[in-house]
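Subject: Structure handover

Hello,

Here is the structure I said I would pass on. My notes come after it.

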There are 2 protein chains.
Amino acid sequence: MDKDFFKTISRAAFAELLRGFAPLAAESAGLLEAHTRYLIQDVVAGENLPLVSRSCMDGYALRARDAFGASEGSPAYMECAAELAVDAIFSGELPPGHCAGIVTGGSLPAGADAVVMIEHTARMGAGTVEIRRSPAPGENVMLAGEDAAQGRVALAAGTRLRPQAIGLLAALGHDQVMVRARPRVGIVSTGDEVVPVTSRVRPGQVRDVNSYALACQVREAGGEARLHGLVADERDALCAALEEALAENDVVLISGGSSVGARDYTVAAVAAIQGAAVLAHGVAMRPGKPVLLARVGGKAVIGLPGQVTSSQVVMIALGLPFLRHLQGDASAFENLGPTVTAELARNLPSARGREDYVRVRLQSRPGLVPLAHPLLGKSGLLSTMVAAGGLARIEAQREGLEQGALIEVIVL
Amino acid sequence: MDKDFFKTISRAAFAELLRGFAPLAAESAGLLEAHTRYLIQDVVAGENLPLVSRSCMDGYALRARDAFGASEGSPAYMECAAELAVDAIFSGELPPGHCAGIVTGGSLPAGADAVVMIEHTARMGAGTVEIRRSPAPGENVMLAGEDAAQGRVALAAGTRLRPQAIGLLAALGHDQVMVRARPRVGIVSTGDEVVPVTSRVRPGQVRDVNSYALACQVREAGGEARLHGLVADERDALCAALEEALAENDVVLISGGSSVGARDYTVAAVAAIQGAAVLAHGVAMRPGKPVLLARVGGKAVIGLPGQVTSSQVVMIALGLPFLRHLQGDASAFENLGPTVTAELARNLPSARGREDYVRVRLQSRPGLVPLAHPLLGKSGLLSTMVAAGGLARIEAQREGLEQGALIEVIVL
C-alpha cells in the first residue's frame with residue numbers, strides 16, 4: 001500500500017465515509033440498559049397519559065363555573081360529595097354545586113374541571129366547604145392525555161434516552177425498548193517505544209497511555225472497550241492482532257506510532273488484513289492529521305495518531321461521533337457533544353484549509369458569557385488537555401478567530 | 001413525628017446538612033474503574049514526563065545556534081551523526097556542527113536543543129544534510145519534565161478523572177489510584193396509586209416511573225442504583241423496606257406519594273427507623289418543596305416528591321451533588337453540572353424566597369449565545385422535561401428574570 005496514494009481529505013468527507021458504515025443490529029433492552037442509548041422506532045402512546053384527569057394539588061375538585069367570582073371577601077359555599085383517596089374513583093358524575101376532596105395525583109370526578117388548593121378553602125361542618133378563590137377551568141389539573149395523547153408519538157425515533165425519557169417509557173408501560181447494540185471497540189496499541197503502564201521507563205520509552213485514555217472515551221460514547229494490548233511495530237504481528245481484534249469487535253482502533261516509519265507499518269498491516277479496503281488516509285485537521293480508515297467486511301478499522309492528545313481530539317471529532325452513529329444517532333457528526341458559547345480571550349491564528357481544535361480554559365463570569373483562554377504549549381502536552389475545559393473549533397475556511405469573537409466550545 | 005415541626009429551609013441550608021455526611025471510604029481502583037471518579041490524594045510525578053527531551057516531528061535534531069540564520073536562499077550544511085530509531089538513545093554528546101535524523105517521539109541526543117522538520121531539509125549524500133530553516137532553541141521539542149516535572153503535583157486531590165487525566169496517570173506509571181467508593185443507592189418507591197411498569201393501569205393508577213428515572217440519574221452521578229421495589233403507603237411496611245434498603249446501601253431514596261397524607265406516612269416511617277434522626281423537612285425550591293432528610297448511623301435517607309419532574313429536579317439540585325460529595329467532589333453543591341450561558345427569550349416571574357428551576361428549550365444561534373425558551377405547561381408534565389435541554393435557576397432573592405437577560409442554564 002503506497003502511503004501517498006491517499007490525499008488528505010476534509011473532516012466532513014471523512015465523516016461521510018464513516019456514515020457509510022451501517023448502524024449496529026437492533027436489540028431489545030430493559031429500561032435501565034436502554035439509558036443513554038437511541039430509540040430505533042417512534043414510541044406511540046397506547047393510552048392517554050394521564051389516563052384520566054388528575055389533580056396537581058391537595059384541595060377540592062369542582063366545576064370552575066360553580067365557584068366563579070369566589071374570593072376571600074365573598075366566598076362560595078359548596079357541598080362536599082366525597083373525600084377521595086389518591087387511587088379512588090368517584091362513581092357517577094359530580095352533582096352541580098358540589099365539590100370533592102382530592103389529593104395530589106387523585107383522579108378528578110366526572111364533571112369536575114378544576115381544583116382549588118386546600119389553602120384557599122375551609123371546612124364549615126355539616127359537609128359544607130368554603131371556597132375563597134375563583135378557579136379557572138383546568139386550574140391545578142393535569143388533563144387526560146396532556147402528557148402523552150393516545151395514538152400520538154410520545155418519543156420519536158432517534159431520541160437519546162435521558163433519565164426523563166426512560167421515565168416517560170415507564171409511564172407508558174414499556175419495560176423493554178428497541179435500541180441498537182452497544183459498539184464493541186477493540187483497542188490495539190503499537191509503537192516500538194511504548195511499554196506497559198507498570199513498566200519502568202528508560203530514556204526513549206513512554207508508557208501505553210492511549211489504551212486507557214481511548215477506552216475511557218469509548219465508554220463515554222456508549223461503547224464497550226476491550227484492550228487488545230501492545231503489539232510490536234511489525235507488519236505481520238500487527239496484522240494478526242488486528243484480525244483477532246476484528247473477530248471480537250465491531251470497531252478496531254489502532255493507535256500507531258507517530259513517526260512516518262511507524263505509520264507506514266500500520267498502513268501496511270491494515271492493508272494486509274484479509275478483505276480490507278483502505279478508504280482514507282489523512283484528514284485535514286490539527287491536531288490529528290494522520291488518521292487511517294479501512295473497511296473489513298462491515299467493520300471499521302481506524303488508525304489514530306500515536307500522540308495522545310492528537311488521538312483524543314480525533315476521537316472527539318470523528319471516532320466518538322462514529323460510535324454514536326453506529327448506535328443510531330442521526331446527527332452524530334454535526335453534534336460533537338455539548339457546547340458552550342464563549343468569548344475568545346485573544347486572537348487565534350489558523351491556517352486556511354484545515355480544521356483546528358484549540359484547547360481552551362473556560363473562565364465563568366457572572367452575567368456574561370465565559371471567557372475562553374487558549375492554552376499555550378506544545379500540542380503534544382497531555383497536561384494542557386488536563387487543564388482544558390473545552391475545545392474551540394476553527395473551521396477550515398477561516399484564517400483564525402479574533403479576540404472578543406463569540407465561539408462555540410466543545411465541552412470536554 | 002409532627003410534620004409541622006420542621007420549617008422549610010433554603011437549598012443552601014439543606015446542602016449544608018448533606019455536606020455533614022462523611023465522604024465514603026477510600027479504595028484503590030484500576031485506571032478504567034477510576035474513570036469519572038475523584039482523586040483522593042495529590043499525584044506527584046515520580047519522574048520527569050517526558051523522561052528526556054523528545055522530538056515532536058520527523059526531521060533533524062541539532063543545536064539551534066549551529067543553524068542560526070539558515071534559509072531557503074542560504075542553507076546551512078551539517079554532518080549527520082546518526083539516524084535514530086524512535087526508541088534509540090544517541091551515545092555521548094552530539095558533536096558541534098552535526099545533526100541527527102530523528103522521528104516523532106524520538107529522544108534528542110545530548111547537546112541538541114531543536115528539531116528542524118524534514119520538509120525544511122534535504123539529504124545531500126556523503127552524510128551531509130542541508131538545513132533551510134533557522135530553528136529557535138526548543139523548537140519542535142517536548143522538553144524533559146515539560147508535561148510533568150519530577151517531584152511536582154501532576155494531578156491535584158479532588159480532580160475528576162476525565163479520559164485525559166486517566167491518560168496522565170498511565171503516563172506516570174500508575175495503574176491503580178486512590179478514589180472513594182461508588183455510592184450504593186437504594187431506591188424505594190411508594191404510593192397507593194403506583195403500580196409496576198408492566199401493569200395495566202386503571203383510572204386512579206400510575207406506573208412506577210420514579211424507580212427507573214431515579215436509577216438513571218444515580219448512575220449518571222457515578223452511583224450504583226438498586227431498586228427495592230414498590231411498597232404500600234403503610235408505616236410499618238415502609239419502615240421495614242427502608243431498614244432493608246439501609247442495610248445494603250449508603251444512601252436510600254424514597255419517592256413518596258405527593259399528597260399530604262402520603263407524605264405523612266413517609267415521614268412517620270422514616271422517623272420510626274431504629275436510630276433515625278430527621279434533619280430537615282421541606283426546602284424552599286420549586287418544583288420540589290417536600291423533601292425529607294434523615295440520618296441513620298452515617299447513612300442518609302432522602303424523601304423525594306412523588307411527582308416525577310419534582311423528584312428529578314430535586315435530584316439535580318441536591319441529590320446528585322450529594323452523591324458526588326460522597327465521592328470526594330469538594331465543589332459538588334456549587335457546581336450543579338455543566339452549564340451554558342443563554343439569553344432568556346421572555347420574562348420569567350418568580351416568587352421571592354424560593355429557588356425556581358424552570359425547564360427551558362435551548363435554541364442555538366450561530367455567532368450568538370443560545371436563546372432559552374421557558375417551557376410552558378404544568379410542572380408535573382414529564383413531556384416538558386423530555387423537551388427541555390436545560391434548567392434555568394432563579395435564585396431565591398430574585399423576583400424573576402427579564403427577557404434578554406443572560407442566564408446560566410444547567411444542561412440536562
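What follows is a list of what was found, grouped by region. Please keep in mind throughout that this is a predicted model.

The contact between the chains

On the side of chain B, 76 residues are in contact with 76 residues of chain A. Helix 3 of chain B, residues 163-171, supplies the largest share of that side, with eight residues. By class, the side of chain B that touches chain A has 43 nonpolar, 21 polar and twelve charged residues.

From helix 4 of chain A, the contact uses A:Tyr212, A:Ala213, A:Cys216 and A:Gln217. From helix 3 of chain B, the residues are B:Pro163, B:Gln164, B:Ile166, B:Gly167 and B:Ala170. Sorted by class, this contact has six nonpolar, three polar and no charged residues.

Helix 3 of chain A is mostly covered, with nine of its nine residues buried. Among them are A:Pro163, A:Ile166, A:Gly167 and A:Leu169. After helix 3 of chain A comes A:Gly173, which has a positive phi near 90°.

Helix 4 and helix 7 within each chain

In chain A, the axes of helix 4 and helix 7 (residues 308-326) come within 10 Å and cross at roughly 30°. Helix 4 of chain A and helix 7 of chain A are therefore roughly parallel, and their crossing is right-handed. The residues that meet are A:Asn210, A:Ala213, A:Leu214, A:Gln217 and A:Val218 from helix 4 of chain A, and A:Val308, A:Ser311, A:Gln312, A:Met315, A:Leu320 and A:Leu323 from helix 7 of chain A. Seven of the residues in this contact are nonpolar, four are polar and none is charged. A:Ala213 and A:Gln217 are listed here, and also in the contact with helix 3 of chain B.

In chain B, helix 4 (residues 210-220) packs with helix 7 (residues 308-326) at an angle of about 30°, with the axes 10 Å apart. Helix 4 of chain B and helix 7 of chain B are therefore roughly parallel, and helix 4 of chain B passes helix 7 of chain B in a right-handed crossing. Residues that meet include B:Leu214 and B:Val218 in helix 4 of chain B, and B:Met315 and B:Leu323 in helix 7 of chain B. This contact has seven nonpolar, four polar and no charged residues.

The nonpolar core

Which residues touch the most other members of the largest nonpolar core? They are A:Leu242 and B:Leu242, in a core of 250 residues. Leaving out residues up to four places away in sequence, A:Leu242 touches A:Val188, A:Val252, A:Ile254, A:Ala269, A:Val270, A:Ile273 and A:Val301.

Two loop residues

Is B:Ala148 buried or exposed? B:Ala148 is buried, because it has 25 C-beta neighbours inside 10 Å. B:Ala148 lies in the loop between strand 10 (141-142) and strand 11 (153-155) of chain B. Apart from neighbours within four places in sequence, B:Ala148 is in contact with A:Ser383, B:Ala45, B:Leu49, B:Ala154 and B:Leu172.

A:Gln397 is in the loop between strand 26 (390-394) and strand 27 (400-401) of chain A. With 8 other C-beta atoms within 10 Å, A:Gln397 is exposed. A:Gln397 and A:Gly353 are 44 residues apart along the chain, and their C-alpha atoms are separated by 5.8 Å.

Backbone points to look at

Most residues other than glycine have a negative phi, and most peptide bonds are trans. The bond from A:Leu49 to A:Pro50 is cis, with omega near -10°; A:Pro50 lies in the loop between strand 2 (43-44) and strand 3 (54-55) of chain A. B:Arg286 and B:Pro287 are also joined by a cis peptide bond, with omega about -5°.

B:Thr36 is not a glycine but has a positive phi of about 75°, and with 19 C-beta neighbours inside 10 Å it counts as partly exposed. B:Asn140 has a positive phi near 60°, and B:Asn140 is buried, with 21 other C-beta atoms within 10 Å.

Regards

Key: Residues are numbered from 1 along each chain as its sequence is written. Chains are lettered from A and ligands numbered from 1 in the order in which they are written. This is a predicted model: local features need pLDDT of at least 70, side-chain atom pairs count only at pLDDT 80 or more; totals for chains, interfaces and linings use all residues. Axes are lines fitted to C-alpha atoms, for helices over the stretch in contact, and angles run from 0 to 180 degrees between N-to-C directions. Helices (H or I, at least four residues) and strands (E, at least two) are DSSP runs, numbered from the N terminus. Angles under 35 degrees count as roughly parallel, over 145 as roughly antiparallel, 65 to 115 as roughly perpendicular and the rest as oblique. A crossing is left-handed if the near helix is turned anticlockwise from the far one by less than a right angle, and right-handed if clockwise. Two residues are in contact if their C-beta atoms, placed from the backbone, lie within 7 Å. Ala, Val, Leu, Ile, Met, Phe, Trp, Tyr, Cys and Pro count as nonpolar, Asp, Glu, Lys and Arg as charged, and the others, Gly among them, as polar. A nonpolar core is a set of buried Ala, Val, Leu, Ile, Met, Phe, Trp, Tyr and Cys residues joined through C-beta atoms within 7 Å. A residue is buried if 20 or more other C-beta atoms lie within 10 Å of its own, exposed if 12 or fewer, and partly exposed in between; C-beta atoms are placed from the backbone.
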